[in-house]
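The sequence and the model are shown here for reference.

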Amino acid sequence: MTLISWGPSLELGIALIDEQHQRLIFLLNRLNDAMLAGHSKEVVHDVLEQLIDYTQYHFSTEEQLMKLNHYQAEDSHCLEHQRFIDDVQAFQRQCTAGQERISIDIMMFLRDWLARHILHTDKKLADTLQASGTFILPTMQQEAQQEIIPC
Ligand SMILES: [Fe+2]
């Protein structure tokens, strides 16, 4: 079941960022599928780990983009990223300790946070850069091919 669909309403017009957001949405939907299919804790944990790893990679892309272009709201934007990573890692630790399971509520939280962040915080960044006429894109290392765990 699709938790969140990629579409024009989420596009910001910066290909590097749009492609990464698309990948994040793909991984979020995979996590939702793994949760709904009732896969073992280990499988769900691996899918969650892939999502966290890719989220960190994506955030570092945006943070370099902000730094390279002296974006004024860099600090508050990075703080949103950091708080999200802290929350998700705390949740991951609870899962590992067996105190928590991925639930529909958790999936809703992840989906709502991502959609809100793209539509407000990332959109403000994209609009500012696009309004400036020219801006510098970070050169990211080749994305590591992630093993896709069958769900
Ligand atoms: Fe962001």
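## Helix H1 and its cover

What covers the buried residues of H1? The cover includes H2 and H4, where a residue is buried if 20 or more other C-beta atoms, placed from the backbone, lie within 10 Å of its own. Contact between two residues requires that their C-beta atoms lie within 7 Å. The model is a predicted one, in which local features need pLDDT of at least 70 and side-chain atom pairs count only at pLDDT 80 or more, while totals for chains, interfaces and linings use all residues. Residues are numbered from 1 along each chain as its sequence is written.

The buried residues of H1 include Ile17, Leu24, Leu28 and Leu31, and among them are also the polar residues Gln20, His21 and Asn32. An α-helix has 3.6 residues a turn, so residues three or four places apart point the same way. The 22 residues of H1 should span 32 Å at 1.5 Å a residue, and its end C-alpha atoms are 31 Å apart, which agrees; the expected span is 1.5 Å times one less than the number of residues. After H1 comes Gly38, with a positive phi near 70°.

## Helix H4

H4 (residues 104-131) has the highest mean pLDDT among the elements, at 97, whereas H2 (residues 41-68) has the lowest, at 94; pLDDT is the predictor's confidence in each residue, from 0 to 100. With 28 residues, H4 reaches 39 Å from its first C-alpha to its last, close to the 40 Å expected. At Lys123 the helix H4 bends by about 40°, the bend being the angle between axes fitted to the seven residues ending there and the seven starting there.

Leu110, Leu114, Ile118, Asp122, Leu125, Ala126 and Leu129 are the buried residues of H4, and their cover includes H1 (15-36), H2 and H3 (74-96). Gly133, which follows H4, has a positive phi near 95°.

## The chain as a whole

The chain has four helices and zero strands, both being DSSP runs numbered from the N terminus (helices H or I, at least four residues; strands E, at least two). Its mean pLDDT is 91, and 93% of the residues score at least 70.

A compact globule of 151 residues would have a radius of gyration near 15 Å, and the 16 Å of this chain agrees; the radius is taken over C-alpha atoms, and the globule rule is 2.2 Å times the number of residues to the power 0.38. The C-alpha atoms fill a box of roughly 50 × 25 × 25 Å along the principal axes, and 19% of the 151 residues count as buried.

Terms used
A residue is buried if 20 or more other C-beta atoms lie within 10 Å of its own, exposed if 12 or fewer, and partly exposed in between; C-beta atoms are placed from the backbone.
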